[in-house]
Amino acid sequence: MSAPSRFTHQPGAVLRAGALVAALGVTLVVAPITTVSLVGCVIGVAGLAVGLTRHMRTVTGLGAVAVVGAVIATAFVGIAVERLLPAVVGSVLAWEFALGAFTIDAELDGGSVERAEFLHIAIVTVVASLVAMVAYVAYETLSVGVSLPGVALLVVAATTLALGLRD
């Protein structure tokens with residue numbers, strides 16, 4: 001038998017860190033574009049940080065919505081697709097990881113779940129990145145005019161639907 005570990009992992013800690021990293025990445029991409037996106041990102045990151053550290057689901061959700069709102073506001077300004085797609089992916093990842101942290105915290109009380117959380121982060125990041133790459137290739141190859149704000153809102157709506165159906 002091995003000696004008990006001095007440090008115990010709290011379920012959801014890896015996902016909480018992933019949510020904050022994703023939100024900070026979105027902030028680096030969209031915050032310099034407009035004042036609205038800067039304010040949205042600052043409020044979003046602060047909401048995520050407070051909500052995730054104090055385990056307040058409502059504050060966390062509002063923070064995630066603020067980050068998504070900052071990305072949508074930036075899309076209406078006319079950001080380049082090469083910056084918009086990573087921002088959309090980052091905002092979706094921040095939202096997924098933040099709310100996933102609460103789910104895993106409720107489902108698993110103790111135990112070693114770091115590997116499952118890292119696997120969750122890796123799979124969701126790869127899938128979201130693949131969707132963004134397909135969207136970029138479609139944008140570059142199709143000759144149909146596409147509204148960037150419309151695409152951003154469509155991605156957010158599809159993600160909301162998928163998350164709603166998951167629970």
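Guide: Contact means that heavy atoms lie within 4.5 Å. Among contacts in the protein chain between residues at least 6 apart in sequence, 77% join residues at least 24 apart. This is a predicted model, in which local features need pLDDT of at least 70 and side-chain atom pairs count only at pLDDT 80 or more, while totals for chains, interfaces and linings use all residues. Residues are numbered from 1 along each chain as its sequence is written, and side-chain values use heavy atoms, with hydrogens and water left out.

Visitor: How many helices and strands does the secondary structure of the protein chain contain?

Guide: Helices are DSSP runs of H or I with at least four residues, strands are runs of E with at least two, and both are numbered from the N terminus. By that rule the protein chain has 6 helices and 0 strands, and its pattern along the sequence reads α-α-α-α-α-α.

Visitor: Why are H1 and H2 called roughly antiparallel to each other?

Guide: Axes are lines fitted to C-alpha atoms, for helices over the stretch in contact, and angles run from 0 to 180 degrees between N-to-C directions. Helix H1 (residues 13-30) and helix H2 (residues 35-54) pack at about 170 degrees, with axes 10 Å apart. Angles under 35 degrees count as roughly parallel, over 145 as roughly antiparallel, 65 to 115 as roughly perpendicular and the rest as oblique. H1 and H2 are therefore roughly antiparallel. Among the residues that meet are Leu20 and Leu24 in H1, and Val45 and Leu48 in H2.

Visitor: What makes alanine 31 buried or exposed?

Guide: Buried means under 20% relative accessible area, exposed over 50%, and partly exposed in between, with a 1.4 Å probe and protein chains only. Alanine 31 has a relative accessible area of 11%, so this residue is buried. Alanine 31 lies in the loop between H1 and H2 and touches Val26, Ser37 and Leu38, not counting residues up to four places away in sequence.

Visitor: How do you know whether glycine 18 counts as buried or exposed?

Guide: The relative accessibility of glycine 18 is 13%, and glycine 18 therefore counts as buried. Glycine 18 is placed in helix H1. Its C-alpha is 6.3 Å from that of phenylalanine 97, although 79 residues separate them in sequence.

Visitor: Why is alanine 116 called partly exposed?

Guide: Its relative accessible area is 44%, and alanine 116 is therefore partly exposed. Alanine 116 is in helix H5 (residues 114-141).

Visitor: Which residues touch the most other members of the largest nonpolar core?

Guide: A nonpolar core is a set of buried Ala, Val, Leu, Ile, Met, Phe, Trp, Tyr and Cys residues joined through side-chain atoms within 4.5 Å. In the largest one, of 40 residues, they are Leu48, Leu93 and Phe97. H1, H2, H3, helix H4 (81-107) and H5 each supply at least two residues of this core, and its largest share, 16 residues, comes from H4. Phenylalanine 97 also touches residues including Leu15, Gly18, His120 and Val124.
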